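Biologist: Hi! Could you walk me through the side-chain packing and pairing in this one?

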Amino acid sequence: MSFCKHCIQGVRHEGEPQGKLETIGGVDCYVATPAVDYPKDKVVLFLPDVFGIELINAKLLADDFATNGFKVVAIDYLNGDALPGDAMNSPTFDFMGWLGKHGAEQTRPALDKVIAALKEQGVTKFGSTSYCFGGRYTFDLAFENIIQCAVVSHPSFLKIPADLETYFAKAKAPLLINSCETDMMFPLEAQAKADEIFGDGKFAAGYKREYFPGCTHGFAVRGDMSLPLVKAGKEGSFKASVEFFLEHL
């Protein structure tokens, strides 16, 4: 990799996506490719939150990882049924009903198809950067040792401490957790438990947790950039993720 932590390009908060939509293994994906030479055997899987790969913020994040030298494949494992950007603002929207139609049976197959197709193209090393909903799958892929480097930002649907203990026992992928001050899905207690299990060098593969005060769940993708601490959190979590991939992938 030709990039180093001192020449990392920062995350953008607005702009036009530079990647392109491709079908990989029969699954819609947003693909961001570095403009410079890059290792063709490595791909970072971008596992989005419930707003999917259509979200402009997700596309820009994928592009910015590519700017730092990583080919990125953002996967539509929501099968074209991501939440509209304003869905959570509607008092009538049935989120639990939507979630019931997007369980592992509906969403995991797309992920497996893309990974299989990328392997056929010669990819042998996978990183995973995931947000909210996607955090569950980064853990699952790590359990199965499909990925070689794991980054989760404000992960959801993890069973604490069981999933942390399973990761420690089964996974070989170095783990970075981008956490924040206010997060019902991965609260301070879960963060402390992760440090207890993985910290102080106990997880030989490598472990790091970043903590961003003044931020809430979703900050790494959809934070309010008018708030200085949230802006710092989004920028800081992106920088930490790039540095982690540079070191471990």
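Predicted model: local features only at pLDDT ≥ 70, side-chain atom pairs only at ≥ 80, totals over all residues.

Biologist: Thanks! How many residues does the largest nonpolar core have?

Modeller: That core has 82 residues, and among those with the most contacts inside it are Leu45, Ile75, Tyr167 and Phe198. A nonpolar core here is a set of buried Ala, Val, Leu, Ile, Met, Phe, Trp, Tyr and Cys residues joined through side-chain atoms within 4.5 Å. Buried means under 20% relative accessible area, exposed over 50%, and partly exposed in between (1.4 Å probe, protein chains only).

Biologist: And what does Ile75 touch?

Modeller: Leaving out residues up to four places away in sequence, Ile75 touches residues including Val27, Leu45, Phe46, Ile53 and Val114. Contact means heavy atoms within 4.5 Å.

Biologist: On to the rings, how many aromatic pairs are there?

Modeller: The count is 20. Rings of Phe, Tyr and Trp (its six-membered ring) pair if their centres lie within 6.5 Å; planes under 30 degrees apart count as stacked, over 60 as edge-to-face and the rest as tilted. Tyr77 and Tyr137 are a tilted pair, with centres 5.6 Å apart and planes at 50°.

Biologist: Are those two buried or exposed?

Modeller: Tyr77 is buried, with a relative accessible area of 0%, and Tyr137 is buried at 4%. Tyr167 and Phe198 also pair, edge-to-face, at 5.7 Å centre to centre with 80° between the planes. Both Tyr167 and Phe198 are buried, and they belong to one aromatic cluster, with Phe168 and Tyr207 among its other members.

Biologist: Nice. What about salt bridges, how many turn up?

Modeller: The whole structure has 12, each a side-chain nitrogen of Lys or Arg within 4 Å of a carboxyl oxygen of Asp or Glu. In one of them, Arg209 pairs with Asp195, their closest N and O atoms being 2.7 Å apart. Arg209 is partly exposed at 24%, and Asp195 is partly exposed at 27%.

Biologist: Which residues are linked in a network of salt bridges?

Modeller: Arg108, Asp112 and Glu144 are.

Methods:
Residues numbered from 1 in each chain as written. Heavy atoms only, no water.
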